[in-house]
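Me: I would like to learn how to read a structure like this one. Please take me through some features one at a time.

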Amino acid sequence: MGMSFKFALFPAIAMSFVAGDAFAATEWNVSTWGKRRAFTEHLHKIAELVEQKTNGEFTMNISYGGLSKNRENLDGISVGAFEMAQFCAGYHPDKNPTITVLELPFLGVNTLEEEVAVSHAVYEHAAAQKDLARWNAKLLMTSPMPQYNVVGTGPAPHALEDFQGKRIRATGGLGKAFETVGATPTSVTATEAYNAMEAGVVDSVAFAQHAHLSFRTIDLADWWTANLNPGTVNCPIVVNTDAYEALSDEHRAALDSSVDEAIQHYLANYGKLLEKWETILAEKKVEKVAFSPEEIAKFEDKAATGTREQWIKDMEAQGIPGQELYDLVQATLKDIRGSN
């Protein structure tokens, strides 16, 4: 381990007392990947809000790949190499098994608002907090994404049988779902997806709309599955626990009180992107494939029950309350729909 990395083990907040009880400025480093896009807008918003609420005393530097690789952000958080990071559960399910419940296929989540509700309910569960505490990480907020759909090259699929033999970029529970219909999933990262598709390593990629745009897979696409909606991935924002606890009461309150507004900003921004999606498909001459209700029901029957039951069994074998976490998701959906 190099000397520079050893120093990185100490949270970079480096707060000290000045002028009596006042705290010096707090500066956090935030690690994510790719480029600024709908998926990262809440990071920028929370940084803006925290800086405003603390009169510039608490600032955040958001780095796109300069601090860590996307699969290593949780590791960086664990050693205090940076104070805040974004990661996706499907990149390393063994490191964060509890929150992979949110990546199970056909959970029944229909909107981004529902995705926020179920994610935060799971994040607040004691098992999830214990799980992430192993990495010295505190779950702060989610990065809600709509149901994934697939872009691909070659003949468009119109029935489940058409996925037989396809090489698809799909992580976590989504990968397992496509495996049930004969596809071969691979978990290349988002930043690797375009090159993998261009080189023919994969012939299709499952993403949310913003990622198809940001990582340019839509530029290679011949077709898009408009309504398959098998599930999504879960990508939390976490903070280093030591850094969080070292914040002054004022700075911690500024951070905590900014989460909801940052999420609302994210939702509004993503909504604008979804409104433009149809136009983008037409401009790029991408065929829009709509599956029949019968085919979707067949996919759900193949993918959902078996994958869910195996996930619960695997979790319970590890001492993780898998059934309880799955039931929490369903109860949260029921509650939020009942309150609307």
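Predicted model: local features only at pLDDT ≥ 70, side-chain atom pairs only at ≥ 80, totals over all residues.

Me: How do I read a sheet, and which order do the strands take here?

Reply: Begin by listing the strands side by side. Here 5 strands form an open sheet in the order E4-E3-E5-E12-E6, and the pairing is mixed. E4 and E6 are the edge strands, each pairing on one side only. On average, neighbouring strands of this sheet are turned by 25° against each other, direction ignored.

Me: Which strand pairs with E3 in the parallel sense over 7 bridges?

Reply: For pairing, look at the partner, the sense and the number of bridges. Strand E4 (residues 58-64) pairs with E3 in the parallel sense over 7 bridges. Within that pair, Val30 has Ile62 of E4 as its bridge partner. From E3 the chain crosses through H2 to E4, and this β-α-β crossover is right-handed.

Me: What joins E3 to E5?

Reply: 2 bridges join them, and the two strands run parallel. Val30 stands opposite Met84 in E5. Met84 in turn leads on to E12, where its bridge partner is Val239. E5 and E12 (residues 237-240) are joined by 3 bridges and run antiparallel.

Me: Is E3 mostly covered or mostly open?

Reply: For cover, count the buried residues in the element. Strand E3 (residues 26-32) is mostly covered, with 5 of its 7 residues buried.

Me: Which helix lies across several of these strands?

Reply: To place a helix on a sheet, note the strands it crosses and its angle to one of them. H10 lies across E3, E4, E5 and E6, and runs at about 50° to E4.

Me: How do I read the length of a helix, and how many residues does H11 have?

Reply: Compare its span with the expected one. Helix H11 (residues 259-283) has 25 residues; from its first C-alpha to its last it reaches 36 Å, close to the 36 Å expected at 1.5 Å a residue.

Me: Where does H11 bend?

Reply: The bend is at Trp277, by about 40°.

Me: What do the buried residues of H11 pack against?

Reply: List the buried residues, then the elements they pack against. The buried residues of H11 include Tyr266, Tyr270, Leu273 and Trp277. The elements that the buried residues of H11 pack against include helix H2 (41-53), helix H4 (112-123), strand E6 (137-141) and helix H10 (249-256). Helix H8 (209-214) is also among them.

Me: Why is Gly173 called buried?

Reply: Gly173 is called buried because its relative accessible area is 9%. Gly173 is found in helix H6 (residues 172-179). Leaving aside neighbours within four places in sequence, Gly173 is in contact with Glu103 and Pro105. The C-alpha atoms of Gly173 and Thr307 are separated by 7.5 Å, although these residues are 134 residues apart along the chain.

How values were computed: Residues numbered from 1 in each chain as written. Heavy atoms only, no water. Helix = DSSP H or I, 4+ residues; strand = E, 2+ residues; numbered from the N terminus. Expected span 1.5 Å × (residues − 1). Bend = angle between axes of the 7 residues up to and from the residue. Buried < 20%, exposed > 50% of the residue type's maximum accessible area, 1.4 Å probe, protein only. Contact = heavy atoms within 4.5 Å. Pairing = 2+ DSSP bridges. Right-handed = clockwise from strand over helix to strand, strands pointing away. Axes fitted to C-alpha atoms, helices over the stretch in contact; angles between N-to-C directions.
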